[in-house]
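Please look over the structure below. A short report on selected features follows.

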Protein chains: 2
Amino acid sequence: MITLRSWLKDGWHEGTADFVTLVNPATEAPVARTSTTGLDLRGAVEYARETGGPALRAMTFAERGDLLKRMSKVLFEVRDALIDASIASGGTTRGDAKFDIDGATGTLAYYAALGQKLGTVRALLDGPGEQLTRSPRFFGYHVKTPRQGVAVHVNAFNFPAWGLAEKAAVALLAGVPVISKPATATALLAYRVMERLVEAANLPPGALQLVCGNAGDLLSYLGPQDVLAFTGGSQTGARMRGLEGVVSRSVRVNIEADSLNAAVLGPDAEPGGDTYQMFVRDVAREMTQKAGQKCTATRRIFVPQELVDGVQEALVEQLSRVKIGDPALDEVRMGPLATAQQLRDAREGLTRLQAAGARIVFGSATDVQPLGVPAGKGFFLAPVLLRADRPHDAAAVHALEVFGPVATLMPYADTADAIRLVARGEGSLVTTLYTDDRAVMEAMVLQLAPYSGRVFCGSAKIAEQATSPGAVLPSCVHGGPGRAGGGEELGGERGLDFYLQRTALQGDRALLDRVLGINASEA
Amino acid sequence: MITLRSWLKDGWHEGTADFVTLVNPATEAPVARTSTTGLDLRGAVEYARETGGPALRAMTFAERGDLLKRMSKVLFEVRDALIDASIASGGTTRGDAKFDIDGATGTLAYYAALGQKLGTVRALLDGPGEQLTRSPRFFGYHVKTPRQGVAVHVNAFNFPAWGLAEKAAVALLAGVPVISKPATATALLAYRVMERLVEAANLPPGALQLVCGNAGDLLSYLGPQDVLAFTGGSQTGARMRGLEGVVSRSVRVNIEADSLNAAVLGPDAEPGGDTYQMFVRDVAREMTQKAGQKCTATRRIFVPQELVDGVQEALVEQLSRVKIGDPALDEVRMGPLATAQQLRDAREGLTRLQAAGARIVFGSATDVQPLGVPAGKGFFLAPVLLRADRPHDAAAVHALEVFGPVATLMPYADTADAIRLVARGEGSLVTTLYTDDRAVMEAMVLQLAPYSGRVFCGSAKIAEQATSPGAVLPSCVHGGPGRAGGGEELGGERGLDFYLQRTALQGDRALLDRVLGINASEA
């Protein structure tokens, strides 16, 4: 069993006490231990601000893009080892592991290319300049410059590689140094990622630090130029957002939290048709990929009243084929939940959904026979499909995210009813609508948008070409209003804004043009 | 003495008890009373969401622009009456009153024109669409739609007209209904503004409501689609941002709070030159306009070491000419502070600045002889110039906003030192730099930007054409990082984003193009 270390102030540091043991969630065999007791987290914050920030800001966007390209490349070179680490420590199947690790290298590569596109500048112009008064000389621009602080990233247990990389890619490209804190339970993979980056990516000093274990007093050091990005549960997110120092120093906070993502089958769906099949396939995949431990997984399934029984049958058929067990086995398609606590929470959540009027129509909160696992071991939960025939009365179904292979099937009356039901989730990361009917699209897409960070429209002509609804693409914003945390990550260049200060510049146009490197003939 | 009413659910409502008396701050004569006791604020929130929101969202941006145009026009028609109300209730000179009221009508007119420009649409595209995978059919857009909630605006006492109008203009154009709560002490002017709008602007039902007096339990009703914008002191701002419901429901919050705005005279300044004179004139104006009760007023004056004595002399000369007294008198150039509490706070603040190493070189915390005011009446404070010769040791000078005609003059060693000193303010609304030297601009402008919502560059060639640094233009963002609250208002179309949800749309390009009204030949 190895001891994970933290990468702080350009050195590896081991905690001194209070070690936590990480286990393989399929077998419960110990895989690593970690601790942050005794580590100088205040020093790490200062090192980021005083060493990492200046180093990154001295680079152009293109140079920072080169850094991301190196990071992507050196991680890709050890892809197989990272996949093994994911399977052993995260309970992921090989497919799940690739989803995480290829997501990491892909997002780094995407932002590397964006850096090239932004070019050899250190500040970004925001829109064209404009004359501010009647005088053509007195002119205004908006410019975006890197915040002079540190970005603290607190990541969720479900994507140790992608979570670290997607947040770091955006912050580093913006010119802001990062302290990344993976969730402890699955930190082994994040640690392997960091080991490789330290070894081979030629990171600028202080640009990226890793805290493996408890965050300790890290957040208490955040100040007015710093930012905090969190992915995880709503309660923890709310606690962070409400921290006295965060509130009083206007620390910028981005939160990505609970999300009762809905999939809506349009009223025009024809059983057996391509769109219908796409819907069934996507829902079953979203329920079971990573054992449903994805913030973008479908939790609520809305289907026209008359199609509910047929959809239930089709989903049950798909779900019953999913082989559960030790993800190290090739034939296994779904592994365990990540921790014993996650399993307890999911089971308790199932009880609450049932109390709210949903009944289990497939699977069980307790019965499961995982393949290749010693009897009684592992944090396994079989896929569970619930059904709530009176969805407006089933409050918990719209409010409680059961973070496992669990979703609830519900009928809706008409498109207006479907919109109202989606809205009951109070803000989601992704809403999925399956239809080939332009009128349905027009009645629903822009009405679903205010409640959704992303609306994915499935239809026959893209059934074979689309990504899965749960896939988070670097080019599209990721986040959602309300319950989903109210945040926004990625989205190409949009994601940089969280790390940049936008400033209006006013003055003599000729002087400003020179400072900004604007050629008067272009402007 | 009139009783102010609140405009809620399309009717005027009077509180039932606990009336607060508003006084003329120059004479302490009562001018109005108000109360919100017994008012149905929960009902107002629901009315905004259920009636105001749908009414506004049914309109296009152009139609909402028409609404703002009417609002601007009908307020301009009663400009003289509004100026009188401002002078009588706000302690403002005629010039101060115009600054507020013309700011209101001007900002409404600016956003009216933006509405025309955005045209007959109800959602905004955010950037061009893009292909998401190798298939040209699977395409992505980002779209911005109005949040389906209410915007609660809590305004400061210093700009009762502009504060109401600038926030309302942006929210209403975005399609989000408003409940505006002016500061009680100066609410008479906001009440007059609202009276006129109700009478003549043909407001859509529920689009704009006014709470005159204590906010009561208003903020406790905010939910995941709502937004809260606050202008005022840091402590109140932090309290609002940290409210349990605001935190747990991801209510979007924009705060504009304390700001230790700096004015920097460049090292190239020549005493008596145009830029130097512009600097002296601007600083004196920023100190005394509205008796220094502006969030953008200059609080810290940084001058090259060798020029400090000369600048002090020039500022003292300007300040000594300012006639203080009842602003109803034509010859008066500076009125009182707005309330007895403001005067107490400013005096206490002066004591703290002195304790921190600043000494008063002009004016006094207590001595003042206002013109045309009964002896001992009114909340007057004479302009006070302080000087701190060891600015790095004078912590309070960089942290404590004394909200009156008060600023501190300090020397700096070189441009790097000036940047460090500006940064000590931990985030400001506006930083002003006076220089004609391109090298100074290059060394400073982008380095000051991360600490500033706006950088105003004064120079000889625009000395006669520029607005004053304290003027907030609707085309430029207004807000600042850190201590200034971390918010952003205005900035033309940028200001709308606070009220809109940005959503990624993914799907079949042909279907999405039709829903978004995109002509394929354009795209």
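In which loop of chain A is A:Glu28 found? A:Glu28 is found in the loop between E4 and E5 of chain A.

## Basis of the report

This is a predicted model, in which local features need pLDDT of at least 70, side-chain atom pairs count only at pLDDT 80 or more, and totals for chains, interfaces and linings use all residues. Residues are numbered from 1 along each chain as its sequence is written, chains are lettered from A and ligands numbered from 1 in the order in which they are written, and side-chain values use heavy atoms, with hydrogens and water left out.

Most residues other than glycine have a negative phi. A:Glu28 has a positive phi, near 65°. At 28% relative accessibility, A:Glu28 counts as partly exposed. The cut-offs are these: buried means under 20% relative accessible area, exposed means over 50%, and partly exposed lies in between (1.4 Å probe, protein chains only).

A:Glu426 also has a positive phi, near 60°. A:Glu426 is found in the loop between helix H13 (415–423) and E19 of chain A. Helices (H or I, at least four residues) and strands (E, at least two) are DSSP runs, numbered from the N terminus. A:Glu426 is partly exposed, at 37% relative accessibility.

## Strand E19 of chain A

Strand E19 (residues 428–434) of chain A is mostly covered. Seven of its seven residues are buried. Strand E14 (residues 262–265) of chain A pairs with E19(A) in the parallel sense, over four bridges. Two strands pair if DSSP finds at least two bridges between them. Across this pairing, A:Ala263 stands opposite A:Thr432 in E19(A).

E19(A) also pairs with strand E20 (residues 452–458) of chain A, in the parallel sense and over six bridges. Here A:Val430 stands opposite A:Arg454 in E20(A).

In chain A, three strands form an open sheet in the order E1-E5-E4, with mixed pairing. Strand E1 (2–3) and strand E4 (20–23) of chain A stand at the edges, each with a single partner strand, so one side of each is left without a neighbour in the sheet. E1(A) and strand E5 (residues 30–34) of chain A are parallel and share two bridges. A:Ile2 stands opposite A:Ala32 in E5(A).

Chain B has an open sheet of three strands in the order E1-E5-E4, and its pairing is mixed. Strand E1 (2–3) and strand E4 (20–23) of chain B are at the edges, each with a single partner strand, so one side of each lacks a neighbour in the sheet. E1(B) runs parallel to strand E5 (residues 30–34) of chain B, joined by two bridges. B:Ile2 has B:Ala32 in E5(B) as its bridge partner.

## Buried helix positions

A:Asp100 lies in helix H4 (residues 94–118) of chain A. A:Asp100 is buried, with a relative accessible area of 0%. A:Asp100 and A:Ala165 are 65 residues apart in sequence and 9.9 Å apart in space, C-alpha to C-alpha. A:Leu118 lies in helix H4 of chain A. A:Leu118 counts as buried at 15% relative accessibility. The C-alpha atoms of A:Leu118 and A:Leu173 are separated by 9.9 Å, with the residues 55 apart along the chain.

Helix H5 (residues 160–174) of chain B is mostly covered: 15 of its 15 residues are buried. B:Gly175 follows H5(B) and has a positive phi, near 100°.

## Cavities

How many cavities of 30 Å³ or more are there? The count comes to ten. On a 1 Å grid over the protein atoms alone, a cavity is a set of points where a 1.4 Å probe fits but cannot get out, and lining residues have an atom within 4 Å of a point. Grid points are joined across faces, edges and corners, and a volume is the space filled by probe spheres set on the points.

The largest cavity has a volume of about 130 Å³. Of the 18 residues that line the largest cavity, the closest to its centre are B:Gly90, B:Thr92, B:Phe157, B:Asn158 and B:Lys290. Helix H3 (79–90) and helix H4 (94–118) of chain B are the elements that give two or more residues to this lining. H3(B) gives the largest share, three residues.

Key:
On a 1 Å grid over the protein atoms alone, a cavity is a set of points where a 1.4 Å probe fits but cannot get out, and a pocket is an open set with protein on both sides within 12 Å along at least five of seven lines; lining residues have an atom within 4 Å of a point.
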